[in-house]
Amino acid sequence: MTEPILSIRNLTVDIPTRYGLFQPVRNVSYDIRPGEIRGVVGESGAGKSMTGNAVIGLLDPPAFVSQGEIWLAGRRIDTLSAEEKRSIRGKEIAMIFQDPLTSLNPLFTVGEQLVETIQLHLNLSADKAKARALELLNAVAIPDPEERFNQYPHQFSGGMRQRVVIALALCSDPKVIVADEPTTALDVSIQAQVLDLIKKLAEDRQIGVILVTHDMGVIADTTEQVTVMYNGEVVESGTTDQILGAPQHAYTQALISAVPRPHKKVHRFPRVTYGGRENAFKIEDLARDWHKPEASQSGVLLRAENLTKRFVRKSALLPSNRTYFNAVDDVSFDIRDGEVFGIVGESGSGKSTVARMIATLHSIDGGHAYFDGADIAAMDKAALAKYRRQIQMIFQDPFSSLNPRMQVGDIIAEPLWHHGIMPRGKTEPRVRELLDKVGLARDAYQKYPHEFSGGQRQRISIARALATQPRFLICDEPTSALDVSVQAQILNILKDLQEHLGLTMLFISHDLPVVRQMCDRVAVMKQGKMVEVNDAEALFAEPREAYTRELLGLMPKLALLEN
Amino acid sequence: MTETTETRTASIPAKAPTRLRRALDSDLFYAFRRSPVAMVSAAVAALLILAAVFAPLVAPTNPFDPASLNLMNGFTPPGQANAFTGDSFWLGTDDQGRDIFSTILYGLRISLFVGFSAVLLAMVLGIILGLLAGYVGGWTDTIIMRAADVQLTFPSILVAMLIFGIAKGITPVEYRDQMAIWVLILAIGLSDWVQFARVVRGSAMVEKSKDYVAAAQMIGRPSLAIMLRHVLPNVMSPVLVIATISLALAIIAEATLSFLGVGAPPTQPSLGTLIRIGQGFLFSGEWWILFFPACTLLALALAVNLLGDWLRDALNPRLK
């Protein structure tokens, strides 16, 4: 076995705060060998990014390395001066950040940025630097490098931009690359390409890569070695096969059991017990005094007929000069009573726009949506109020879907008194009951949203959605901002709601394994158009359309987890 | 990085959630306790405001009560006994024999009252128009913001003078002196709403796109309720910063107008009026009549400004 190129020994990072000393990273050790990709996986707050930042010497003050050593190619680098660290950074250790949009300077062409970085580190003449830049663009598989060289970052797509960022990282032939969630902001199809590229480069150029991610699929597809972190500490380290196939530590076992499987539908996700202090969701209590929704007249609760949404691409004073594009183009589907209907697609496919049209947040520019036979667009004020009482929505980002300046009790009470279910000022007992049933502690009532974790906030969102006893629930990427164990809890809750309360759901997601676990029928959208609608089982087993097959092919191969 | 700090704060046991407790425990108060500049500025501002509020109790004489004035006391230098009456005054007297210390306290009252009221007017106006522009958008936005742009092309002191002139022109002569203060407030307030409107509009546009607003829209809440209950509380922190800095500017604007003779009348002199009166005596040797009111104005404006600067930095998460 070759000598490690980078070695982290007993690393501890301290952050002094007004509440006392906080150690986001404690006693962390791992090695990276040349050409090896080490995945560092864990949930948010596990300290995985902080470790990466410590390695490249980019800890934001007041954080600092208080103990431990970092060795790069036989040289200790954690004790270097800021000046020396800067000379190593970019030259011997490079970084790939999550968001390719912000890691490139929008004011300079891609070529200028590459040449500048190359000259800074390698002291080459302008011509030679340009030649090297073109070579790098070629290496990261950007087509027409000569032409692309003179373009600005905004002329590149997200995936292409991330390739440029990788080219930038390669400028000075680094020994180690720290890639912090390099594909989290990208669509699955692009994610697969970027990961392949990183894999190939690591092997060809013998670069050691630290791949920080929360995504088990990325780990399974890309890495050879995995380090699992929890709460600032390494809980388990080993080869990818060993960690994913036969995890030893209870936390790793819990984490892996919570990953949605793409190939087999489970009834409920296993409860993640490690460190879990979440209260139970009291579905039986909730079901007891729930008015079971009466069946719709035709068995179809929501029917979309040729739905179209136009957005203005170029605004102008004269209507004839305006240009539009169709975010949603002629989309039709039926959602039957009590089923979970999924819409999958990549970003920009129009799936959220469909949800927002049904939720009356966007106007409908063409076609019709019928709720229990009534045209949503044609409803009068009273009918609309009644409709809004029956539909509720759970949003993607639990950090922005709750008003940060309102107490949780007020947030949940608002739909109750607005719809006249109970008078304002008399809502408190009902709200407290709801909070208790979704598994939040008693003092949640007068707390503010920022005092809760992401999963707890999503429970608050669910409590708000359930307050009016709706028939129809729209879930727009309800778990994509959450950690995988929290995702499992929330998905279990949603399954409970559908089963015990007879709720009908529209479930929007880009995550195929999640859709697979949740939905009875699935529609695939691409660029505003509906590509395929089918039963979930049939769609995943034998997709009819080429695009669906392509999407399914990009799902992470979690075969290792199947045993 | 934010995530890690958050998990940490989340694990800290909740304290009894009284409002005072929350305020004293807030990060803002913590930052305040650690900033000497902010604490000194706050102390100076608080001292001046208290002195102005309790002027009738604090001031040794009432400078506007003709009965208590003695013309013989005129031009007494600070700290010295008057040659004729033997009375002595901390900061001396002016030509009428009025105690400068007392006139400053009463002048502060006028200056602060005008400043606070003008900022309040500007703030209310700016918030309403900014919320409408940001939340409603479209033509409403265009009209409001173009009006704001036009107003911004004039220096605000000119706008204030223009409004002052018009308002004075339409008030009957016999009410002019009584109305002068209110006209002044109107003039400064109307000249200052634009920056409130701009900031509120910008923040409102950001907040509008957040999902909690969508959630309220889905419930079916009317737009006005969403603006006031949901959007407004979330755009208030930048407004508070601007209000503080505007307060200093409004006090200075009032002083400038009064100095130019178009502001507070001599019967109700503000700090600016006092400075105008005082500058007539500067070259004849009675420097104190100008110097002490000017110092007070400086101290007040500086303290409020520094406090505003600190507040802006403390509330800006990017600078932390």
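## Strand β18 of chain A

In strand β18 of chain A, A:Met505 is the bridge partner of A:Leu473. The model is predicted, so that local features require pLDDT of at least 70 and side-chain atom pairs count only at pLDDT 80 or more, whereas totals for chains, interfaces and linings use all residues. Residues are numbered from 1 along each chain as its sequence is written, and chains are lettered from A and ligands numbered from 1 in the order in which they are written. Helices (H or I, at least four residues) and strands (E, at least two) are DSSP runs numbered from the N terminus, and two strands pair if DSSP finds at least two bridges between them.

The pairing of β17(A) (residues 472–476) with β18(A) is parallel and extends over 5 bridges. Between these two strands the chain passes through helix α17(A) (residues 484–501), and this β-α-β crossover is right-handed, meaning that, with the strands pointing away from the viewer, the path from the first strand over the helix to the second runs clockwise. β18(A) is also joined to β13(A) (residues 340–344) by 5 bridges, again in parallel, and here A:Val344 has A:Ser509 as its bridge partner.

Because 6 of the 6 residues of β18(A) (residues 504–509) are buried, the strand is largely enclosed by the rest of the structure. A residue is buried if 20 or more other C-beta atoms lie within 10 Å of its own, exposed if 12 or fewer do, and partly exposed in between, with C-beta atoms placed from the backbone. In a regular strand the side chains alternate between the two faces of the sheet. Here both faces are covered, with A:Thr504, A:Leu506 and A:Ile508 buried on one side and A:Met505, A:Phe507 and A:Ser509 buried on the other.

Beyond residues up to four places away in sequence, A:Leu506 touches A:Ile335, A:Phe341, A:Ala355, A:Ile358, A:Ile474 and A:Cys475, where contact requires that the C-beta atoms of two residues, placed from the backbone, lie within 7 Å.

β3(A) (residues 37–41) runs parallel to β9(A) and is joined to it by 4 bridges, with A:Val40 opposite A:Thr227. β10(A) (residues 233–239) runs antiparallel to β9(A) and is joined to it by 6 bridges, and in β10(A) the partner of A:Thr227 is A:Ser237. β9(A) and β10(A) make a hairpin with 2 residues between them, and A:Asn231 in the turn has a positive phi of about 55°.

Helix α16(A) (residues 454–466) is mostly covered, with 13 of its 13 residues buried. From first to last C-alpha this helix reaches 18 Å, close to the 18 Å expected at 1.5 Å a residue, the expected span being 1.5 Å times one less than the number of residues.

## The open sheet of chain A

A further sheet of chain A is open, with 4 strands in the order β2-β1-β4-β5 and antiparallel pairing. Its edge strands, β2 and β5 (75–76), each pair on one side only. β4(A) (residues 64–72) is joined to β5(A) by 2 antiparallel bridges, and A:Leu72 has A:Arg75 as its bridge partner in β5(A).

## The contact between the chains

The contact takes 30 residues from chain A and 23 residues from chain B. On the side of chain A, β2 (20–32), α13 (381–390) and α14 (408–418) each supply at least two residues, and the largest share, 3 residues, comes from α14(A). By class, this side of chain A has 12 nonpolar, 10 polar and 8 charged residues, where Ala, Val, Leu, Ile, Met, Phe, Trp, Tyr, Cys and Pro count as nonpolar, Asp, Glu, Lys and Arg as charged, and the others, Gly among them, as polar.

## Chain B

Chain B has 14 helices and 0 strands, and its C-alpha trace spans about 80 × 50 × 30 Å along its principal axes. Of its 320 residues, 41% count as buried. Among contacts in chain B with a separation of 6 or more, 67% come from residues 24 or more positions apart.

B:Leu274, in helix α13(B) (residues 271–279), counts as buried because it has 32 C-beta neighbours inside 10 Å. Apart from neighbours within four places in sequence, B:Leu274 is in contact with B:Thr103, B:Ile104, B:Gly107, B:Pro269 and B:Pro293. B:Leu274 and B:Leu290 are 16 residues apart in sequence and 7.1 Å apart in space, C-alpha to C-alpha.
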